[in-house]
Amino acid sequence: MSQSYNRGLIEDFGRWKEFSAGMWAWIFHKFTGWMLIGYLFTHIAVLSSAIAAANGETMMLAGEQVNAYTGTIQGLEGLFIVRILEVGLLAVAVFHILNGIRLLMVDLGIGLTAQDKSFYASLVLTGAITVASVPTFLSGVGL
Amino acid sequence: MAERYSSFTPGGTAWFLQRVTAAFLIVVLAFHFFLLHFVNHAAEVTFMGTQQRMDHIGYFLTMVLFLVAGAFHGVNGVYNALVNQGLSGTPKKVVLAVLSLAGLALVAQGTYVALVMAEMI
């Protein structure tokens, strides 16, 4: 007979002080998921400037006349805050990918006893990849 | 018998598709980030460069599939997160309808943009 385990209501975020590794992984996965789907809608909205560009619409960018798509993307990329947000997006995406791999393993019943360690590994790797990407993301932009 | 805590129907199609799209997205999202931030820098993206990439049918199809998989995985994920939080009854049906419409609109707009970029329309 399988044993019953009362985990309490973890959807009650007020209990965060009692949370263990697996619960934090679950919350971080949800949070990063919300960010990523929110970003996808924004991303398609920005890329929709391709429609204007295909219709021959232009705009000014740094004193030059460019098409609407190039101007929109390069205009956004010229902003320091956008570069910082991109680093944040990378961190969010990398964590969601790594923890997602961890979840697929859990689904397959692989390494169940190490599920807490694999969560910590996801966090450390996310941090390392994010820090390593900062020079690339901030290249050629001023404050 | 231990209680089940998943918001998915056991062995359901949504559960399965969430895993299949996850496996696909892991690979394509990593490729996408790498290509547009490390190989080509996002700050140097031009309309002409995008058109050249989208002219390759394999790249075009990968990007459209990426959009469909991402939209499904994201919208289905949000729906399940809300069900997890205790959403039920009529609000659950309304949320499902609104999220489905938002997901379909996202895929429709994204596909239209992709077709424009590939100069197919």
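This is a predicted model: local features need pLDDT of at least 70, side-chain atom pairs count only at pLDDT 80 or more; totals for chains, interfaces and linings use all residues.
**View 1. A look at Ile84(A), a residue of helix α4 of chain A.** Ser48(A) sits 36 residues away from Ile84(A) in sequence, and the two C-alpha atoms are 23 Å apart in space.

**View 2. Helix α4 of chain A from end to end, residues 80–107.** Its 28 residues reach 40 Å from the first C-alpha to the last, close to the 40 Å expected at 1.5 Å a residue. Just after α4(A) comes Gly109(A), with a positive phi of about 75°.

**View 3. The buried residues of α4(A) and what they pack against.** Among the buried ones are Arg83(A), Glu86(A), Phe95(A), His96(A) and Arg102(A). Within chain A, the buried residues of α4(A) pack against α1 (21–47) and α5 (115–137), and they also pack against α1 (13–39) of chain B.

**View 4. Where chain A meets chain B.** Here 36 residues of chain A are in contact with 35 residues of chain B. On the chain A side, α1, α2 (49–54), α3 (68–77), α4 and α5 each give two or more residues. The largest share, nine residues, comes from α1(A). Sorted by class, this side of chain A has 20 nonpolar, twelve polar and four charged residues.

Notes
Residues are numbered from 1 along each chain as its sequence is written. Chains are lettered from A and ligands numbered from 1 in the order in which they are written. Helices (H or I, at least four residues) and strands (E, at least two) are DSSP runs, numbered from the N terminus. The expected span of a helix is 1.5 Å times one less than its number of residues. A residue is buried if 20 or more other C-beta atoms lie within 10 Å of its own, exposed if 12 or fewer, and partly exposed in between; C-beta atoms are placed from the backbone. Two residues are in contact if their C-beta atoms, placed from the backbone, lie within 7 Å. Ala, Val, Leu, Ile, Met, Phe, Trp, Tyr, Cys and Pro count as nonpolar, Asp, Glu, Lys and Arg as charged, and the others, Gly among them, as polar.
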